[in-house]
Amino acid sequence: MNHLKTGLLMAGMVAGVATMATSAVQAKTLIVGMACDRTGPTQSVGVVLCPAYHDYVKLINSKGGVMGNKVKVIEIDTQYKVPASVEAYQRFKKEGAVVVALWGTPMTQAITPNLNADHIPGTSPGFGTAAAANGEKYPYLFPMAASYWSQAGAAVTFAKQELGGDMKGKKIAFIFYDNPAGREPLPVLDKLAKMEGFELKKFAIPPPGVEMKVQVQDIVRRYRADFVISHLFGKGPAVHIKEFKRMGFPLKKVLSFVWGAGESDINGAGGWAKAQGYNALNFAGVGSDYAILDEIKAMYKAQGKDGPKQMVNSVYYNRGILAAAVHLKAMEMAIKAKGSGDITGEDVQKGFLAIKDFRLDGILPPLDFTELDHEGGGWARVFRVEGDGFVPAGDWLRGYRDVVIEMLKAE
Amino acid sequence: MEWQFLFELSVNGLLTGMMYALIAVGFVLIYKSTDAINFAQGEFVMIAAIVVAGMATNYGFPLIAAIAVGLVFMIVFNLALERFVLRPMIGRPIVAIIMATIGLALVLQGAGPLVFGAGTKPLDIGVPDEPLIIGPLFMTPIDVVGAAISIAFLAVFGWFFMKSRKGVAMRAVADSHMTSIAMGINVERYFALAWILAGVVALLGGLVWGSAIGVDTQMAALGLKVFPVVILGGLDSIIGVVIGGLIIGLVEALAAGYVDPFVGGGTKDFTPYVLMILVLMFRPYGMFGKPIIERI
Amino acid sequence: MFHRESGYFKTSYQADMALYPLPIAKYTIWAFLAIFFVACPMLLDEYHLSIINLVAIAVVGVLGLNILVGYTGQISIGHAAFMSVGAYTAANLATKLDLPFWLTVPLGGLMAAFIGILVGIPSLRIKGLYLAIATLAAQFIIEWIINHTPSISGGVAASIEMPRPVFFGMELANQAELYYFLMFIMVIAIIGALNLVRSRIGRSFIAVRDQEIAAEIIGINVFKTKLIAFAVSSFYAGVCGVMYTYYLGIANYENFQLITSIDYLAMVIIGGLGSILGSIFGAAFITMLPIVIRLWMEAFGSIFVDDAALAQVIAQFRLIIFGGLIIVFLVVEPDGLAKLWQNIRNYFRTWPFSY
């Protein structure tokens with residue numbers, strides 16, 4: 001028995017070393033590194049967003065790649081852990097990635113100094129430290145979509161609209177995840193509360209937020225809020241939809257930040273019928289009426305397969321498309337500028353800045369990156385649960401852009 | 001207004017506490033009869049809920065059939081677990097058994113989504129979502145149902161433990177393995193029975209909590225709520241679980257309602273642990289736990 | 001480690017307790033140092049060095065936990081909290097007072113040791129599983145305090161950017177340069193632990209673990225011993241936290257949550273309770289296992305499933321294999337990798353004439 005164990009262990013060690021050695025060989029293609037969370041606390045997002053990224057890259061590769069250069073995605077599941085993410089980043093760097101997709105706020109904070117040192121652009125769509133959108137300070141980090149500050153601005157704009165244009169003396173409740181990412185919008189909200197004259201009360205939910213009856217009860221029964229802005233992750237959103245519903249609070253008066261309204265959250269809350277009226281900010285289009293999604297379906301069909309089943313979760317699927325599309329567009333710009341496919345991270349960084357008004361048939365907001373603004377404008381759009389899906393409640397909007405830009409500069 | 005809110009908060013806190021007790025009782029059951037510490041209690045609840053919800057949503061089983069599948073799965077799974085993992089480990093240090101159950105928790109975290117998909121699933125056991133209003137009091141129906149199921153189970157369980165022949169034998173096994181063997185009790189069979197019961201109670205917990213908050217792997221975080229409950233009551237006391245659950249439910253509700261606004265952070269998850277430490281300082285075996293007498 | 005002796009010829013207690021039982025052991029150690037300090041940095045690229053760095057950090061943390069759990073028998077599920085204490089202490093000292101690393105590393109450890117003593121006080125009355133869960137409480141309480149005290153956590157984001165360590169005017173900026181720094185601390189930690197456990201204190205740890213009451217009767221102050229164990233263990237954890245902070249470039253409490261404590265507990269148990277060598281094995285095994293599993297799956301996984309599904313399957317299977325291996329280990333080889341290593345050695349000791 002002992003001999004067998006010994007033999008197995010040794011065989012395992014040898015095989016491990018062997019695979020480590022073989023993985024060093026790489027083809028001459030454009031490499032993208034993608035950190036993903038498919039098994040950690042944010043897995044419900046990762047299992048949709050990451051496949052979408054792969055699908056878009058496959059589509060472009062099937063058309064010949066980015067200006068004739070194939071793209072290879074190296075995905076690593078980090079389980080939302082910081083050391084695993086740093087290890088993953090080292091792997092991306094070793095494989096020669098020209099752009100990396102980060103995942104998770106603390107991981108983004110840890111990797112950002114490395115990005116600047118190694119001159120590899122990294123993206124953090126919709127999460128990360130809001131102040132990091134300042135491109136002058138962090139030239140190689142691209143939040144690429146509305147940061148938490150911009151989302152706060154957009155949320156207050158929407159709330160104002162829903163409350164009839166005047167917020168004076170109105171009671172706004174902010175229910176948030178009690179971790180750094182959750183607290184990120186607070187400075188903007190505090191500032192806007194003073195500016196617009198509304199009362200802001202904060203309700204902290206300790207992660208992972210599987211149980212939040214008391215806080216919701218407080219909002220509905222004691223504070224009697226006029227409007228609720230929520231900023232929850234993971235399981236939180238589904239739970240708070242359920243709790244608001246059970247307390248008889250109209251979901252029309254609840255607006256979630258970007259990570260609070262995937263189709264699977266609505267499902268978890270009991271389905272569309274139960275979540276009627278619930279609003280959510282988005283930084284990519286929602287739904288499946290976009291040409292690019294049809295192309296992906298057609299690609300699958302040509303291979304004799306059904307369309308990707310993740311596509312029903314259009315909120316996160318389309319965000320994966322956004323990440324991939326902007327990455328590849330930046331590479332395209334870099335190749336155009338350089339005249340060859342032999343590009344580095346620095347070229348791609350300039351490629352990001354060269355992107356102007358990239359819409360991809362309306363699935364993206366009019367993204368426009370500048371030296372200072374690496375958010376691409378801080379666009380967001382509210383989608384509301386109506387009938388059997390999300391419908392847009394208004395057009396793409398940027399709320400209190402001047403306030404956000406001013407704070408960005410102040411950092 | 002303020003008093004009414006306090007009352008409402010307390011009632012709902014107590015109801016939630018009963019629902020915690022439902023998860024915690026599985027933990028105590030295992031500890032009491034087999035001396036094993038199950039750190040995967042939250043994962044048991046999770047996997048039971050995932051199987052039921054997965055059968056219902058992915059394969060279109062009617063609810064009753066899905067629950068039946070869940071029940072069979074939990075029983076078979078727990079029996080296998082007892083036979084192949086925990087029985088070989090009898091007599092090992094506590095920390096080894098803790099670690100084995102943690103390993104088990106990881107396996108379940110990976111296996112559940114692998115088989116049924118990672119998205120959050122609904123689990124509708126037919127309890128309405130509209131508030132239940134009794135006079136001035138707002139309550140949520142699932143809490144009432146959950147607390148009722150919890151009380152019913154604990155009552156049946158208490159009777160079983162105290163009065164039935166098998167229950168008495170189980171208590172004997174819990175008290176001393178050696179004496180039980182000497183008295184002709186088939187100890188291994190009662191270990192298996194304890195794990196079966198733990199599977200059943202995990203299924204009940206999974207149904208109630210899955211219906212309350214939706215089903216995905218993060219349900220397992222409920223397992224962390226169990227520790228203050230069981231430690232407060234005493235690891236080997238069924239009554240302790242009920243009282244511990246009620247206290248923790250109440251403390252959580254009051255902390256979130258009255259402490260949070262002053263400290264500006266969520267105190268709900270951490271006050272139970274502070275309370276637990278304080279109680280342990282005065283009563284090292286919880287309120288109703290049996291002190292362990294050490295001999296050389 | 002690799003030598004074979006032909007029998008036991010020890011005649012004195014000193015000889016039995018010697019760090020190097022034979023001269024050849026000394027040469028093996030030197031050979032190892034040469035491999036890790038000279039050959040590895042020359043032959044491996046930055047990515048592989050960064051993995052060894054992670055192992056080095058883990059070794060320090062595991063040694064600390066093993067002193068508490070393996071040698072003294074006090075279960076702790078709050079080890080990661082002490083790491084965060086060390087991490088934030090060092091980060092605050094480095095950013096606010098501009099202290100160099102040779103002060104932040106020990107001071108981070110000392111602060112963690114102080115908090116460790118506070119957490120250890122209940123161990124006077126609370127025992128076994130109850131103590132384990134009390135340390136779990138410590139984990140949550142420390143986490144909460146750091147998260148909600150801006151003067152400790154450095155503001156709303158609760159993360160402090162750490163300056164790189166500076167060694168005689170040279171900034172250790174990348175993984176290859178950090179490698180020496182982290183390896184050096186690891187070696188010191190291993191030597192410290194080796195010497196501690198064969199000292200009077202170390203033996204009193206073992207006495208308390210094996211039979212608390214008997215230890216008390218033979219004149220060991222059990223409470224004091226337990227507190228020392230908590231302090232030493234937390235000191236190691238604090239140093240480990242500081243190492244993480246230098247490695248990652250930020251101090252962030254989200255890196256030190258319950259899951260990390262559990263990972264370290266797994267390392268101690270897989271490596272072998274009450275074994276220094278086991279601690280090193282355990283740290284290396286658990287740190288590299290997910291990485292190696294991933295590389296295998298990347299290489300061979302496409303045989304079984306198509307690559308669209310592969311990424312998902314890799315992630316899920318990694319979790320299952322990881323958890324499964326822990327269980328298999330505990331059932332099949334309860335004394336961990338250290339025991340397995342001993343079996344290998346015993347086999348080769350008589351090889352090729354084993355009977």
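Met34(A) has Ala101(A) as its bridge partner in strand 3 of chain A. The model is predicted, so local features require pLDDT of at least 70 and side-chain atom pairs count only at pLDDT 80 or more, whereas totals for chains, interfaces and linings use all residues. Residues are numbered from 1 along each chain as its sequence is written, and chains are lettered from A and ligands numbered from 1 in the order in which they are written.

Strand 1 (residues 30–36) and strand 3 (residues 99–101) of chain A run parallel and are joined by three bridges. Strands (E, at least two residues) and helices (H or I, at least four) are DSSP runs, numbered from the N terminus. Two strands pair if DSSP finds at least two bridges between them. In chain A, five strands form an open sheet with parallel pairing and the order 2-1-3-4-5. Its edges are strand 2 (71–77) and strand 5 (141–142) of chain A, each of which pairs on one side only.

Chain A is assigned domain 1 (27–146 + 284–379) and domain 2 (148–282 + 380–410). These bounds come from an automatic or database domain assignment. The C-alpha centres of the two domains of chain A lie 26 Å apart. Their contact takes 26 residues from domain 1 and 28 residues from domain 2 of chain A; contact requires C-beta atoms, placed from the backbone, to lie within 7 Å.

On the side of domain 1 that touches domain 2 of chain A, helix 2 (43–62) and helix 12 (314–338) are the elements that give two or more residues. Helix 12 of chain A provides the largest share, three residues.

How values were computed: Two residues are in contact if their C-beta atoms, placed from the backbone, lie within 7 Å.
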